[in-house]
Number of protein chains: 2
Amino acid sequence: MMITDIAHYLQTQGQIIEQELDRLVPLRHAPYQQLFDSARYALLGGGKRLRPILTLTTTRILKGDPHLALIPACALELIHTYSMIHDDLPCMDDDDYRRGKPTVHKKHSEGHAVLTGDFLLTYAFEILATHHHLNAEKKSQLIATLAYRSGSDGMIGGQVMDLEYEGKKVSLDQLRLLHRHKTAALITASIEFGGIIANATPVQLDHLRQFGEAIGLVFQIIDDILDVTSSHTKHGKAIASDILNEKSTYVSLLGIEQAQVYAQNLYNQAIQSLKSLPYDTSLLIGLADFILERKH
Amino acid sequence: MMITDIAHYLQTQGQIIEQELDRLVPLRHAPYQQLFDSARYALLGGGKRLRPILTLTTTRILKGDPHLALIPACALELIHTYSMIHDDLPCMDDDDYRRGKPTVHKKHSEGHAVLTGDFLLTYAFEILATHHHLNAEKKSQLIATLAYRSGSDGMIGGQVMDLEYEGKKVSLDQLRLLHRHKTAALITASIEFGGIIANATPVQLDHLRQFGEAIGLVFQIIDDILDVTSSHTKHGKAIASDILNEKSTYVSLLGIEQAQVYAQNLYNQAIQSLKSLPYDTSLLIGLADFILERKH
């Protein structure tokens with residue numbers, strides 16, 4: 001798939017996600033107004049929507065029903081958004097800007113940022129558990145997957161490692177473990193979600209998982225590279241915030257060139273994992289291309 | 001049931017919960033050690049375990065299997081514990097002590113406190129979704145109930161109101177709405193959990209819900225009273241922290257005596273709700289007595 005086609009695909013799919021998020025987290029009156037305003041501020045009007053789009057796309061290529069995947073896809077974006085709100089807090093990464101606008105704790109308050117994150121996290125599980133068109137078996141499977149991938153053996157585990165490694169020199173193995181947890185786990189869940197909804201076999205799910213883990217790491221490496229090469233306006237946050245926070249990155253450990261080679265190798269592994277699936281996977285390959293070649 | 005019997009019952013049931021929590025959140029090696037240490041610090045060795053005991057008891061009086069209820073009961077304690085960790089943060093209630101020992105952010109760090117709370121919240125849903133002996137239908141129902149009661153229309157909604165009302169004079173109606181959300185919602189969920197697990201009919205679930213909401217408010221009113229009458233050592237936190245935080249309470253709005261009358265009326269309503277259940281509800285009545293008469 002051409003990169004211009006994939007840009008168009010990302011845009012149209014992103015709009016579908018945006019509309020659904022807008023419906024799921026509506027404007028509400030007092031005393032709920034503040035919480036929903038703050039949730040909508042964090043959630044709407046920005047972001048690549050990569051995780052939900054991966055879910056819709058995986059569902060589609062496996063001949064599943066993308067309509068069934070829409071709410072689960074949004075659950076992933078709720079989790080992703082909560083994690084950014086908490087990650088930006090002064091006691092964590094202490095970021096004042098996200099996607100070019102003030103972070104939730106700067107716009108509202110730290111207390112509201114904690115609660116808004118808690119709300120989005122809780123609500124992700126609520127919309128899965130109350131999905132009207134998925135059977136209970138699938139709902140439990142999605143919830144178990146999401147909780148596992150975003151919990152201690154996934155995203156949260158990675159964030160704890162991140163806190164502990166701050167200011168320390170870490171090895172490439174440690175960094176890989178950190179990012180397999182912190183970034184790749186939720187991207188893997190996005191792919192698994194599509195597989196679950198589209199009734200993938202256990203073997204197919206394994207291949208999808210391998211694809212997800214590999215492109216999840218590619219995503220992180222490119223993020224590290226963009227953190228040092230991109231400008232404030234392009235990337236939407238202060239330049240090289242990882243350097244300011246004394247964090248080890250793929251770039252600080254490998255240099256930009258070797259980090260790019262490493263990303264390319266992982267990309268190749270990812271594409272290889274798709275080969276045995278008896279479906280036209282060109283849309284997923286297109287998304288993998290985008291993840292490798294993105295400039296923001 | 002005699003108050004001495006109920007004390008013994010609370011103790012033995014509390015030990016069962018403690019053991020299960022210890023199993024569910026075990027010691028782990030690095031790089032997971034810090035997160036699990038911090039989770040165990042907050043979770044183990046303290047607390048009345050009121051919410052999980054309400055679940056076990058409701059299951060029991062409805063002739064359900066308390067073994068099936070054990071993990072769901074612990075999920076409620078995980079949620080309760082996460083909410084206390086986040087609530088104690090400097091940007092929220094800013095409490096340095098909880099149950100007579102330093103709060104998680106004082107013992108570890110603020111960043112770890114945020115992540116430990118996020119972990120317990122996420123893990124509550126994971127242990128429900130992966131419960132081996134409940135069918136998927138019941139699991140979805142428990143997860144939907146827990147998410148609803150601890151989300152924007154439940155506990156988190158109440159905490160947002162709490163932040164907004166700080167330093168302001170609120171009406172009794174506003175205070176009741178706040179505490180129906182902040183405190184009573186999760187206590188209601190504890191009762192609903194028992195009903196769901198023991199196959200209560202929709203009408204029975206409604207009566208259980210009314211019982212839960214009423215004793216949930218009783219619990220809060222007694223908490224407000226104890227906050228001004230109890231000493232540091234008994235209550236385990238600094239005296240009258242609500243007054244220091246300029247929070248309206250039932251005591252500040254009604255005075256101690258009228259607050260007690262109000263609690264007694266709600267208690268009577270709670271007991272009335274149990275009357276139509278075709279079961280021996282004396283154990284639940286005993287717990288309601290404890291909630292009304294407790295001294296800590």
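**Figure 1. Helix H3 of chain A is largely enclosed by the rest of the structure.** The model is predicted. In H3(A), 11 of the 12 residues are buried, so the helix is largely enclosed. The buried set runs through Leu50(A), Arg51(A), Pro52(A), Ile53(A), Leu54(A), Thr55(A), Leu56(A), Thr57(A), Thr58(A) and Thr59(A), and includes Ile61(A). Helix H3 of chain A covers residues 50-61. At 1.5 Å a residue, its 12 residues should span 16 Å; the end C-alpha atoms are 16 Å apart, which agrees. Lys63(A) follows H3(A) and has a positive phi, near 65°.

**Figure 2. Helices H3 and H9 of chain B cross at roughly 30°.** H3(B) spans residues 50-61 and H9(B) spans residues 172-197. Their axes come within 7 Å. H3(B) and H9(B) are therefore roughly parallel to each other. Their crossing is right-handed. From H3(B), the contact takes in Arg51(B), Leu54(B), Thr55(B), Thr57(B), Thr58(B) and Thr59(B). They meet Leu186(B), Ile187(B), Ser190(B), Ile191(B), Phe193(B), Gly194(B), Gly195(B) and Ile197(B) of H9(B). By class, the residues of this contact are six nonpolar, seven polar and one charged.

**Figure 3. Helices H8 and H9 of chain A pack at an angle of about 140°.** The axes of H8(A) and H9(A) are 7 Å apart. The angle makes H8(A) oblique to H9(A). The crossing of H8(A) and H9(A) is left-handed. H8(A) contributes Met155(A), Gly157(A), Gly158(A), Gln159(A), Met161(A), Asp162(A) and Tyr165(A). H9(A) contributes Gln174(A), Leu178(A), His179(A), His181(A), Lys182(A), Ala185(A) and Leu186(A). The contact of H8(A) with H9(A) holds six nonpolar, six polar and two charged residues.

**Figure 4. Chain A meets chain B through 40 residues of chain A and 40 of chain B.** Four helices of chain A each supply at least two residues of the side that touches chain B: H2 (33-43), H6 (110-129), H7 (136-150) and H8 (155-165). H6(A) gives the most, with 13 residues. The side of chain A that touches chain B has 22 nonpolar, 12 polar and six charged residues.

How values were computed. Residues numbered from 1 in each chain as written. Chains lettered and ligands numbered in written order. Predicted model: local features only at pLDDT ≥ 70, side-chain atom pairs only at ≥ 80, totals over all residues. Contact = placed C-beta atoms within 7 Å. Nonpolar A, V, L, I, M, F, W, Y, C, P; charged D, E, K, R; others polar. Axes fitted to C-alpha atoms, helices over the stretch in contact; angles between N-to-C directions. Parallel < 35°, antiparallel > 145°, perpendicular 65-115°, else oblique. Left-handed = near helix turned anticlockwise from the far one by under 90°. Expected span 1.5 Å × (residues − 1). Buried ≥ 20, exposed ≤ 12 C-beta atoms within 10 Å, placed from the backbone.
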